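Take a look at the chain below. We will walk through its helices and its sheet in short steps.

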Amino acid sequence: MTTVGFIGAGKVTQALIKGLLSSGAVTPSRIYASSKTEHSLQKLKVFGVNTCLDNLWTVKNSNITVLALKPQMFPKVLSEIAPAVGPNNIIVSVAAGVTIDSIQQRLPHHAKVVRAMLNTAVQIRDGAICYSTGRNIVDADQELVHRFFTSVGLTLESEEKHLDAVVGLSGSAPAYFYLILEALSDAGVRHGLSRDVSTRHASQAMLGAARMVLESGRHPGELKDEVCSPGGVTINAIYSLEKAGVRAAMMDAVDACIKRNYELARLNE
């Protein structure tokens, strides 16, 4: 049975552990986590997982080790864990801007490296995950990694050159959608609805629209047109959104996120 390790105890680690345990993919006894302070590990101990201050211990006990760290911490941590990385260890990075090559250069030549981008919805097993594999990953490793991520969300494999776009698109997108939901909820409150009713209705509308796209396979523009009757209320609302530049603003937001990701990558070189 697979054992999973986490180096770093931040929000991404917490979200992944929560999702993995909820899915039943692993049990708490088969999850190992380490961080630099006991204080940072307290939020993980509530899940009943194994914790320690020793990163080498995490790698030695895990088939898959997830590096959930800030990019600037990678050089130090990779040098630290390198002696423990064996031919059967799979090292998975979920950090923005850290390339597979930059990781492999600091690990033994046999190191198996995967780079993945995901979002925090993995904690409810509804995440969006995209990953790329390094040169030493064989079919059995790829299948293991794919099963691992599929347990917490929609999982796609991609060439690494596309992962930067994924960061700006689905990785950071929950924040964009929360902002939109908050604005829609504010609009409902402005027109007399309670905050709870406004937020629940706006959230369900967004969830339903997303499911329509995923389950129908149809273009979003086609589905949008079905809601917009000629001369009706919805097309009038769409006109207002287009006039305000919402479409361009969303594209600019993704561009800004990707640009920052490139900057982080250069800092990590």
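At what angle do helix H7 and helix H8 pack, and how far apart are their axes? Helix H7 (residues 163-171) and helix H8 (residues 173-190) pack at about 25°, with axes 6 Å apart. Axes are lines fitted to C-alpha atoms, for helices over the stretch in contact, and angles run from 0 to 180 degrees between N-to-C directions. Angles under 35 degrees count as roughly parallel, so H7 and H8 are roughly parallel to each other. Gly 168, Leu 169, Ser 170 and Gly 171 of H7 make the contact with Ala 173, Pro 174 and Tyr 176 of H8. Contact means heavy atoms within 4.5 Å.

This is a predicted model: local features need pLDDT of at least 70, side-chain atom pairs count only at pLDDT 80 or more, and totals for chains, interfaces and linings use all residues. Residues are numbered from 1 along each chain as its sequence is written, and side-chain values use heavy atoms, leaving out hydrogens and water. The protein chain averages a pLDDT (the predictor's confidence in each residue, from 0 to 100) of 94.

Now the sheet. Eight strands form an open, mixed sheet in the order S3-S2-S1-S4-S5-S6-S7-S8. Helices (H or I, at least four residues) and strands (E, at least two) are DSSP runs, numbered from the N terminus. Strand S3 (50-52) and strand S8 (153-157) stand at the edges; each has a single partner strand, so one side of each lacks a neighbour in the sheet. Two strands pair if DSSP finds at least two bridges between them. Strand S7 (residues 127-133) and S8 pair in the parallel sense over five bridges.

Key:
Angles under 35 degrees count as roughly parallel, over 145 as roughly antiparallel, 65 to 115 as roughly perpendicular and the rest as oblique.
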